[in-house]
Amino acid sequence: MGNIADDVNSRFENNKVKALINILFTAGWITNKQNAFFKPFGISPQQYNILRILKGAGEPLKAQTVKDRMIERAPNATRLMDKLSAKHLIERMPCDYDRRVVYIHITKEGLALIQEISADLNLDFLENLTEDEAGHLSDLLDKLR
C-alpha cells in the first residue's frame, strides 16, 4: 500500500495538511488511471460523465442541466458535447419555444458505448477497501465538502 509521505518524499506539519496533500495526490493518480482506461474507447472521463448523465436521465436534458450535474464542472462542457456529437454519441435538439435552450439526448451509439465500457470497467484499485471502508471514506469526503 502507498504512503503519501513516501510517495511525495515529504513530511507534513500536521495531519490536516497531510490529508489535503493525500487527497490532491490521489485525485491526480485516479485521473491518470481514468485517462488511460478511457483512451481505447476514444473518449475522455469527462465525456463519459456526460454520457452517464444522459443515460441515467432517460430523457433529453437541457445542456445546462448536464453541465450542472457533471462531476468536474469544466468550462469546456460545450466543447466536450461538440466532440460527442461529432462521434454521433449524443444529439442536440433545439427547444421549440426558446432558441437559447438546447436539449441533449444520448444516441443508440452512445448507449452501446456505455454498455461496452461498463463491461470493461475496472475498479481493481478499490480492492484494498472493504465495503464498510469505502462507505466511511465517502462519508468523510462528503463531510469535507
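This is a predicted model: local features need pLDDT of at least 70, side-chain atom pairs count only at pLDDT 80 or more; totals for chains, interfaces and linings use all residues.
**The largest pocket**

- Of the 44 residues lining this pocket, T26, W29, I30, F125 and L126 are the closest to its centre.
- Helix α2 (15-38) gives the most to the lining, with 16 residues.
- At least two lining residues each come from α1 (4-7), α2 (15-38), α3 (45-57) and α7 (131-144).
- By class, the lining divides into 24 nonpolar, 13 polar and 7 charged residues.

- Helix α3 packs against α5 (residues 77-86) at an angle of about 80°, and their axes are 10 Å apart.
- Because angles of 65 to 115 degrees count as roughly perpendicular, α3 is described as roughly perpendicular to α5.
- On the α3 side, the residues that meet α5 are Q46, Q47, I50 and L51, while α5 brings A77, L80, M81, K83 and L84.
- This contact of α3 with α5 has 6 nonpolar, 2 polar and 1 charged residues.

**The sheet**

- Three strands form an open sheet in the order β1-β3-β2, with antiparallel pairing.
- Strands β1 (61-62) and β2 (90-94) stand at the edges with a single partner strand each, so one side of each has no neighbour in the sheet.
- Strand β1 is joined to β3 (residues 102-106) by 2 bridges, and K62 stands opposite Y103 in β3.

Notes. Residues are numbered from 1 along each chain as its sequence is written. Side-chain values use heavy atoms; hydrogens and water are left out. On a 1 Å grid over the protein atoms alone, a cavity is a set of points where a 1.4 Å probe fits but cannot get out, and a pocket is an open set with protein on both sides within 12 Å along at least five of seven lines; lining residues have an atom within 4 Å of a point. Helices (H or I, at least four residues) and strands (E, at least two) are DSSP runs, numbered from the N terminus. Ala, Val, Leu, Ile, Met, Phe, Trp, Tyr, Cys and Pro count as nonpolar, Asp, Glu, Lys and Arg as charged, and the others, Gly among them, as polar. Axes are lines fitted to C-alpha atoms, for helices over the stretch in contact, and angles run from 0 to 180 degrees between N-to-C directions. Angles under 35 degrees count as roughly parallel, over 145 as roughly antiparallel, 65 to 115 as roughly perpendicular and the rest as oblique. Contact means heavy atoms within 4.5 Å. Two strands pair if DSSP finds at least two bridges between them.
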